[in-house]
Amino acid sequence: MQVTANLSKAFHDRFREQIVNEVVGWFNKMDATFRTDVRELNELNYVRFEAKLKQRLAELRAELMTAIAALRTDMEHRVADQSSEAAMQVVVGS
C-alpha cells in the first residue's frame, strides 16, 4: 500500500513536481521496506512462539503421563490391599 501524500500547492510551487515526486517515491519505498521488515519479524516471532509452545506442551504431556502412572500405581496398590483384606476376612470368618 503506497503512501498518498497530499502536499500543499505552496510545497509543489516551491520544490517543483520532480522533487515532490522523488520525496513521495522515497516515502513509498520506506513504507514498503518497513512493511516487509515488520512482516519478516512477525514471521520469525511466530516460529519462535510455536517452537516454545510445542516444547511446553511436550513437557506438560510428560508431566501428565508421570502423574497418571503414579495414580495408576497407587490405585493398583489400594485395590491389592483391599483384595488382601477381603481375602483375610473370608479366611478369618470361615
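Okay, a helix here means a DSSP run of H or I of at least four residues, a strand means a run of E of at least two, and both are numbered from the N terminus. Glutamate 50 lies in helix α1, and we'll come back to that residue. A word on the model: it's predicted, so to speak of a local feature we need pLDDT of at least 70, and side-chain atom pairs count only at pLDDT 80 or more, while totals for chains, interfaces and linings use all residues. Residues are numbered from 1 along each chain as its sequence is written, and side-chain values use heavy atoms, with hydrogens and water left out.

The protein has one helix and zero strands. Its C-alpha atoms fill a box of roughly 115 × 20 × 15 Å along the principal axes.

How much of the protein is buried? Buried residues make up 4% of the 94. By buried I mean under 20% relative accessible area, with exposed over 50% and partly exposed in between, using a 1.4 Å probe and protein chains only. Back to glutamate 50: at 31% it counts as partly exposed. Its C-alpha atom is 22 Å from that of arginine 35, 15 residues away along the chain.

The structure holds two.

In one, aspartate 31 meets arginine 35, with the closest N and O atoms 3.0 Å apart. The two are four residues apart in helix α1, so about one helical turn separates them. Aspartate 31 is buried at 17%, whereas arginine 35 is partly exposed at 36%.

There's also a bridge between arginine 78 and aspartate 74, at 3.1 Å between the closest N and O atoms. Again they sit four residues apart in helix α1, so that's about one helical turn. Here arginine 78 is exposed at 54%, and aspartate 74 is partly exposed at 33%.

Last thing, the charges. Which residues count? Lys and Arg are positive, Asp and Glu negative, and His and the chain ends are left out. Each charge is placed at NZ of Lys, CZ of Arg, CG of Asp or CD of Glu. The mean positions of the 13 positive and 14 negative charges are 9 Å apart.

Methods:
Salt bridge = Lys/Arg side-chain N within 4 Å of Asp/Glu carboxyl O.
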